[in-house]
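I kept a few notes while looking around this model for the first time. Here they are, in the order I made them.

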Amino acid sequence: MNERTARRLARLSDALARGGSLRLQDAAALCGVSEMTIRRDLAAGEGGLRLMGGYLVRSDDPRYAPVYDLAAQQDRHAGAKRRLCERAARCIEPGDTLFIDCGTTLMPLAAGLPADQSLTVVTYALNVADSVSVLPGVRLILLGGVYHGSSRSFASETMGDAIRRLGINKAFLSAAGVHRQKGLSCFHFHEVAPKQAAIATAAHRLLVVDESKLGVIRPARFAGLDEVDEVITDGQVAAAGGPASRAAET
């Protein structure tokens, strides 16, 4: 590692000394170099900093540890997720193009889609694609890229643009955290771009979350509560000026 690389990494480490994250483009601007140079610096470094979904974080920051395990989440609150998805499915109309987010919450929705309504499903989640691919009469658009096994989802630098080029009637979104002031968040930074693109593109945005996510903040913020049209939950989301809350009976 040369001296200039070491100086840049030290400067970035100092900028992140109090925790948090730094966008790759902001890190490049701080050091007066290109984003590619920062990537090369990180590759040459000793692992003190790492890049997560376009954000630099300290490797020893516990908030950015890969603590989400999709397999472990599969059976948690399974009954609530099933009931919430049944309510969400009532919004689907024949001919709809649907964005279905990653994670386990929306799996009952994906698996139970009607085969006779000429639906199209857009997703970047392999588990969602697996369920939809066996449904006759449902067209699947799977957005690919680098595979992330922890959430069984893909990531690419062009995914957001690909979503924005589509006509999406309804976006069914998941979140690991829902907070009245801090908004909607998830564990993984690579999920931010497709979530934001779906929110920007869809005619109607529906957030489906069980009550264990309410009042929680996760590392990767992707939207404010006022950026979705409807929250389908078994708890209460009291957001001033925010979306209506459709509470499922449990």
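**Helices α1 and α2.** I began with a pair of helices and found that α1 passes α2 in a right-handed crossing (a crossing is right-handed if the near helix is turned clockwise from the far one by less than a right angle, and left-handed if anticlockwise). On the α1 side, Arg8, Arg11, Leu12 and Ala15 make the contact, and on the α2 side Ala27, Leu30 and Cys31 do; contact means heavy atoms within 4.5 Å. I looked up the axes too: those of α1 (residues 3-15) and α2 (residues 24-31) come within 10 Å and cross at roughly 120°. Axes here are lines fitted to C-alpha atoms, for helices over the stretch in contact, with angles from 0 to 180 degrees between N-to-C directions. The two helices are therefore oblique to each other (under 35 degrees counts as roughly parallel, over 145 as roughly antiparallel, 65 to 115 as roughly perpendicular, and the rest as oblique).

**What I am looking at.** I noted that this is a predicted model, where local features need pLDDT of at least 70 and side-chain atom pairs count only at pLDDT 80 or more, while totals for chains, interfaces and linings use all residues. Residues are numbered from 1 along each chain as its sequence is written, and side-chain values use heavy atoms, with hydrogens and water left out.

**The whole protein.** I counted nine helices and 15 strands; these are DSSP runs numbered from the N terminus, helices being H or I of at least four residues and strands E of at least two. Of the 250 residues, 48% count as buried (buried is under 20% relative accessible area, exposed over 50%, partly exposed in between, with a 1.4 Å probe and protein chains only). Among contacts between residues at least 6 apart in sequence, 60% join residues at least 24 apart.

**Strands β1, β2 and β3.** Which strands does β3 pair with? I found β1 (residues 22-23) joined to β3 (residues 55-58) by two bridges, running antiparallel. β2 (residues 49-52) also pairs with β3 in the antiparallel sense, over four bridges. Two strands pair if DSSP finds at least two bridges between them.

**A sheet of three strands.** Next I traced an open sheet with the order β10-β11-β13 and antiparallel pairing. β10 (177-179) and β13 (220-223) stand at the edges with a single partner strand each, so one side of each has no neighbour in the sheet. The twist averages 30° from one strand to the next. Between β11 (residues 183-186) and β13 I noted three bridges, with Cys186 opposite Ala220 in β13. Helix α9 (residues 192-201) lies across β11 and β13, running at about 10° to β13.

**Two positive phi values.** Most residues other than glycine have a negative phi. I looked for exceptions and noted Ser118, with a positive phi of about 55°, in the loop between α6 (107-111) and β5 (119-123). Is Ser118 buried or exposed? At 56% relative accessibility, Ser118 counts as exposed. I also noted Arg152, whose phi is positive at about 50°; Arg152 is in the loop between β7 (146-148) and β8 (153-155). At 26% relative accessibility, Arg152 counts as partly exposed.
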